[in-house]
Amino acid sequence: MAGCYWLSGATIEHVARCRSLVKVNLSGCHLTSLRLSKMLSALQHLRSLAIDVSPGFDAGQLSGECKATLSRVRELKQTLYTPSYGVVPCCTSLEKLLLYFEILDRTREGAILSGQLMVGQSNVPHYQNLRVFYARLAPGYINQEVVRLYLAVLSDRTPENLHAFLISVPGSFAESGATKNLLDSMARNVALDALQLPRSWLNGSSLLQHMKFNDPFYFSFSRCTLSGGHLIQRVINGGKELRSLASLNLSGCVHCLSPDSLLRKAEDDIDSGILETLVASCRNLRHLNLSAAHHHSSEGPGRHLCQLLARLRHLRSLSLPVCSVADSAPRADRAPAQPAMHAVPRSFGKKVRIGVQSCPNPFSGQAGPQPSSVFWSLLKSVPFLERLELIGSNFSSAMPRNEPAIRNSLPPCGRAQNVGDSEVAAIGQLAFLRHLTLAQLPSILTGSGLVSIGLQCQQLQSLSLANLGMMGKVVYMSALSDMLKHCKRLKDLRLEQPYFSANAQFFQALSQCSALQRLCLVSRSGTLQPEAVLAFMARCLHVVVCHMFTGESLATCKNLQQSLLRSFQAERPALNVVIFPLLHEGLTNVIRDVPMVHLDEITLFKSRVAEEPPNLWW
């Protein structure tokens, strides 16, 4: 029942009639403490449970029968919207605990929330049988305050069977005495299979040197200042074979492919020997994230990042910075074959004109993209890739979490100028591709490569495009319209592009995506045609999410939102419509009302490769 936010508690309660249920997922469902108690009292065979804990939750209202059911639950996934232990203290047999902290620092009225919980004996979580601990925090100090209370019990006595310990925190999260005790205890007493820690806990510490790993299947060192030397010595034991490792997240690890993090500049070339050791040791990797960093390859045969990654034949998902797939470094003595003037953004409204190599037309004859390019060769070597992300190393979305929209962006990496329509067309080789993200590719001239993807990637289900080509002009509208005509399985489309015109031409093309369910458009100074939106919604009967954040006035946005809800809400009870000016000061209050399933999966931009361990929840 996950994500059934539109159903009433009275309707959800009928689940309890299925008395033999072993697993129940109610994430995103609105349930009071009393209703939850009534349901769980009837489900005596329950072993796995996922719920939300919202303001007003009161564990004191849970009946004895409910608590008896919870005492037998082994797996719990709990999303917290209010400071609370939720049902964790009742779950005395827990083996897997997943916590999602989505507590806002202020109430809607502006009151500051406190993370102090009523700490009593009955509120102490039972972790003695715990094997998996996972916590993901949304931005905000209160989420950090509350997770510390959950961790305090772990620091007193580390479960001996713990094999996965993962904490995902945006920004900094200071280490405390309790967390230091916890890490020391883990280093002494347990051997882990999966690890993710806040960057401040790892940076500059010798923690990894003392940690013991059994058969690790997941590591995330996202945003850590981990050098390539430390990666090889402390994680891969000097090149020891790690066949068990299935998923590795090194996003934002700007020094992870260089031997010494202190001396390296962002634009320096990587040490291909480190990457070669990594690839040779972790040959069974299925998910690899190297985004949010400048991984530039040096000249030389067989030394390019793409050539080395081509040895990972089991890859199913891959995230790379745009500059890392460029064939070679642009040199001062190498003149472009056909100089083309192209605007490259320094910020919105300021452009610097530089020459870039012109991109060959991916549809000249039957040649397609150049087979000689290293990126083309990489994709040919990993034909079963299902998720691919090419994200500019300096890209940041205009819609961050819990903050006003970003008005300026950093310029793209200079080497990204060598990646254009031809490289995008190469993606068409991936016949099994389901999810594609392209962000901050300044050298897209026409977007012709998109048509190749639409024609050949017939399994494509989600597409996210952001800041392609020149920022002041949408150069790929015609190609995008042609592409969409072929995307018969596309369910999710996210577009983030300044000055985008959501006009009749765009919506007519989009209407041919008969399976489309969710649309999100983010466009600073962008425009939309209300009549075209209404006609599109009438034609695409499966669309239940329509999010548009543009440069239109508040009055225009409100009128269109009301018209859409009035016309389609009755026949589509799950319909979620948000039409709002991107730069309006009230944006954060509007965002907080978006159901978490949509906010997390489409509204907010983020890299999703190796974001969490595979099969974390059933």
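**Exercise 1. Burial of a ring**

Task: Is phenylalanine 133 buried or exposed?

Solution. Phenylalanine 133 has a relative accessible area of 0%, so phenylalanine 133 is buried. Buried means under 20% relative accessible area, exposed over 50%, and partly exposed in between, with a 1.4 Å probe and protein chains only. Phenylalanine 165 is also buried, with a relative accessible area of 0%.

Two notes on the source. This is a predicted model, in which local features need pLDDT of at least 70 and side-chain atom pairs count only at pLDDT 80 or more, while totals for chains, interfaces and linings use all residues. Residues are numbered from 1 along each chain as its sequence is written, and side-chain values use heavy atoms, with hydrogens and water left out.

**Exercise 2. Aromatic pairs**

Task: Find how many aromatic pairs the structure holds, then classify the pair of tyrosine 100 and tyrosine 134.

Solution. Start with the rule. Rings of Phe, Tyr and Trp (its six-membered ring) pair if their centres lie within 6.5 Å; planes under 30 degrees apart count as stacked, over 60 as edge-to-face and the rest as tilted.

- Step 1. The structure holds 14 aromatic pairs.
- Step 2. The ring centres of tyrosine 100 and tyrosine 134 are 5.6 Å apart and the planes stand at 50°, so this pair is tilted.
- Step 3. Locate the two residues. Tyrosine 100 sits in strand 4 (residues 96-101) and tyrosine 134 in strand 5 (residues 132-137), 34 residues apart. Strands (E, at least two residues) and helices (H or I, at least four) are DSSP runs, numbered from the N terminus.
- Step 4. Check burial. Tyrosine 100 and tyrosine 134 are both buried.
- Step 5. Turn to phenylalanine 133 and phenylalanine 165. Their centres lie 5.6 Å apart with planes at 20°, so the pair is stacked.
- Step 6. Phenylalanine 133 belongs to strand 5 and phenylalanine 165 to strand 6 (residues 164-168), so the pair ties together parts 32 residues apart in sequence.

**Exercise 3. Strand 4 and its neighbours**

- Step 1. Two strands pair if DSSP finds at least two bridges between them. Strand 3 (residues 75-80) pairs with strand 4 in the parallel sense over 6 bridges. Leucine 97 is the bridge partner of leucine 76.
- Step 2. Strand 4 also runs parallel to strand 5, joined by 6 bridges. Here lysine 96 stands opposite valine 132.

**Exercise 4. Around strand 21**

Task: Which strands pair with strand 21 (residues 545-550), and how does the chain cross to strand 22?

Solution. 

- Step 1. Strand 19 (residues 518-522) pairs with strand 21 in the parallel sense over 5 bridges. Leucine 519 stands opposite cysteine 546.
- Step 2. Strand 22 (residues 576-581) pairs with strand 21 in the parallel sense over 6 bridges. Threonine 550 faces proline 581 across this pairing.
- Step 3. From strand 21 the chain passes through helix 17 (residues 554-568) to strand 22, a right-handed β-α-β crossover. Right-handed means that, with the strands pointing away from the viewer, the path from the first strand over the helix to the second runs clockwise.
- Step 4. Strand 21 is mostly covered, with 6 of its 6 residues buried.
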